[in-house]
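Reader: I would like to go through a model feature by feature. Please give the general idea each time, and then the case at hand.

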Amino acid sequence: MKPASRMTPGRVGLYAFLIMAALFFLVPLYVMLVTSVKPMSEIRLGNIFALPTAPTLDAWGMAWKSACTGLECEGIRGGFWNSVKITLPSTVFSIIVGAVNGYALSFWKPRGAKVLFSVLMMGAFIPGQVMLYPLVRALAAVDLYSSVPGIVLVHVIFGMPMMTLLFRNYYASLPDELFKAARIDGGGFWRIFFELMLPMSTPVIVVAVIMQVTNIWNDFLLGLVFAGSDNLPMTVQLNNIINTTTGERLYNVNMAATILTSLVPLALYFISGRWFVRGIASGAVKG
Amino acid sequence: MSNVSIKNLQITLGDNKVIDSLNLEVKDGEFVVLLGASGCGKSTLLHSIAGLIDVSGGAIEIGGKDMTWVDPKDRGIALVFQSYALYPTMNVEKNMSFGLRINGTPKEEIKRRVARAAEMLHLQPLLDRKPANLSGGQRQRVAIGRAIVREADVFLFDEPLSNLDAKLRTELRRELKLLHKQLGATMIYVTHDQVEAMTLASRIAVMKSGVIQQFDTPDTIYREPANLFVAGFLGSPCMNMFRGELAVEGGRTLFRNEHMSVDVSGYAFRQPPVAGTRCVLGVRPEDTVVSSGGQYRAGTTLVEAMGAHRVLWMDFHGTQLAAIVQDERESGAFSIRSEAVSLFDETSELRL
């Protein structure tokens, strides 16, 4: 018979801690959700934990369509589409670049591969702010400053060290014989990459997609500096909404806009969380 | 079909010379086994023939053409790996036809070749399966099939049977031998298993630390090992060794030490024997004849039953001896078939 689980003092402490931790992370979300469906008259009462008495989605509609971001009052939807326009190509290109880099570094081992890799890794540890000004000048020189291709390029560059490391480690875990066999079969650089290595990379690609989408979607600084006023990403628009006050502060609209902005990474985690863990844990193919 | 000729080959990995001025001639259609303990450079040699390792000196010729710096795919070779190295995302058919699809072979021809290889290796029912759904033996068959499909002139095998269990190994070994007869292609096979080497090879090259110790037919290598290393490496149980010296007495040549004296007048000395040479006498266990009327007395320490025969371990003045017997009742003494012994110089370790 299974021994009955008893509430020992240790167990009580454990549960107390877990509940506290859960509350700690859930309370802000609760406040945000609740506030976003309250009309301003209720918010003014000051009971931020109280449930709404007359729930309404007006604030959500306003946040999406007509909240003011500076002088324009078109809501956050423009920023949403800008973020999509920036995130999609940036994710795709940075993963392609990282995969090719990692593949070349771990299988073709060009002369100076180790040096190249160390330099790339150093790049990952230099704070991005150091590179801001030189990058602005460089992009301006090639006419890419303040454009979608420009910000995409910047994201690809900043994502490269991490993506290269990720793919290099994954490919290093594959047996070398596989590559040698393909070489004898006559495969060239691209043929082996597209027909053999890329189809085997699904787990690591899932991890890379989650990392890149989250990073690029959440990015504020690079978007603000490089995207240009027509292509400001959602994060920057959100900041503008919250900082634009005409009369009273519309807390419900701010809350709704914030939730809308964080919806994409949140959804991504919910959909692919399982694969994410699997991809990180497995790494290698089973023989 | 092609011969392979390796001239003064030098391979340096990192800072150490793995192979230094190695020469090897493999004839057209021959089955050559490179035999040696792990780390002796045999796989390195094979991979350099395949073009997967850059050489630092010397030349590799395949079919009379210098292939030292030619790309692996253009050498007319096929390589079978110990770990099979099947492409995990492709099914068996795609695995076998990958190389042909790359070099643009017409579809009909690909189909014909894959069908032929699949028939040879009994893979027809498995063509749609992914490697993950195959057993070890089946995987290695697919890997061999991939080599056959290439219709290469030279087949290279890198310990292809080492990952299989004993029964499968015996089975696939036989199939490989038959395959060689059927295809008639030149094959070079790396292994550390002496049974594989003895059964498969037309000639064996025994290697130790990057140097070929002896390159000859399996029989010659077994009966007339060129040095002490070869003598000790082949044969199970190992050759029995006695230390002593040569003596010449009244036209007869004797091997002598304090306990024994063996007439070796019939031995094919490479140079005329010199009395007083310190040497080692090697006797195979099957040439150590055990009978109660034997010349030398020795106590039995252990009997190993092998089914068809028994291995009798004896202690002869502190030396462990093995003898192969049919029946353990005969024991207590042994004699030596002096016409089947080997003699080695004690210092140079070379065959006398």
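Predicted model: local features only at pLDDT ≥ 70, side-chain atom pairs only at ≥ 80, totals over all residues.

Reader: At what angle do helix α2 and helix α4 of chain B pack, and how far apart are their axes?

Author: Helix α2(B), residues 92-102, packs on helix α4(B), residues 136-149, at an angle of about 30°. Their axes are 8 Å apart. The two helices are therefore roughly parallel to each other. As for handedness, the crossing of α2(B) past α4(B) is right-handed.

Reader: Which residues of α2(B) meet which residues of α4(B)?

Author: From α2(B) come Val92(B), Asn95(B), Met96(B), Ser97(B) and Leu100(B). On the α4(B) side they meet Val142(B), Gly145(B), Arg146(B) and Val149(B). By class, this contact has 5 nonpolar, 3 polar and 1 charged residues.

Reader: How many residues of chain B are in contact with chain A, and how many of chain A take part?

Author: The contact joins 18 residues of chain B to 16 residues of chain A. On the chain B side, the elements that give two or more residues are β6(B), residues 77-80, and α2(B). This side divides into 13 nonpolar, 4 polar and 1 charged residues.

Reader: Now a sheet. In what order do strands β17, β18 and β19 of chain B lie, and is the pairing parallel or antiparallel?

Author: The 3 strands form an open sheet in the order β17-β18-β19, with antiparallel pairing. An edge strand is read from its partners: β17(B), residues 299-305, and β19(B), residues 319-325, each have a single partner strand, so one side of each has no neighbour in the sheet. On average, neighbouring strands here are turned by 25° against each other, direction ignored.

Reader: Over how many bridges do β18(B) and β19(B) pair?

Author: Strand β18(B), residues 310-316, pairs with β19(B) over 7 bridges in the antiparallel sense. One such bridge has Gln320(B) in β19(B) as the partner of Asp315(B).

Reader: Is His122(B) buried or exposed?

Author: His122(B) counts as exposed because it has 11 C-beta neighbours inside 10 Å. It too is not a glycine, and its phi is positive, about 55°. His122(B) lies in the loop between α3(B), residues 107-120, and α4(B).

Reader: Is the peptide bond from Ser236(B) to Pro237(B) cis or trans?

Author: For a peptide bond, read omega: from Ser236(B) to Pro237(B) it is near -5°, and the bond is cis. Pro237(B) is in the loop between α8(B), residues 228-233, and β11(B), residues 240-249.

Reader: To finish, how many helices and strands are there in chain B?

Author: Chain B has 8 helices and 21 strands. Its C-alpha trace spans about 75 × 45 × 35 Å along the principal axes. Of its 352 residues, 40% count as buried. Among contacts in chain B with a separation of 6 or more, 66% are between residues 24 or more positions apart.

Notes:
Residues numbered from 1 in each chain as written. Chains lettered and ligands numbered in written order. Axes fitted to C-alpha atoms, helices over the stretch in contact; angles between N-to-C directions. Helix = DSSP H or I, 4+ residues; strand = E, 2+ residues; numbered from the N terminus. Parallel < 35°, antiparallel > 145°, perpendicular 65-115°, else oblique. Left-handed = near helix turned anticlockwise from the far one by under 90°. Contact = placed C-beta atoms within 7 Å. Nonpolar A, V, L, I, M, F, W, Y, C, P; charged D, E, K, R; others polar. Pairing = 2+ DSSP bridges. Buried ≥ 20, exposed ≤ 12 C-beta atoms within 10 Å, placed from the backbone.
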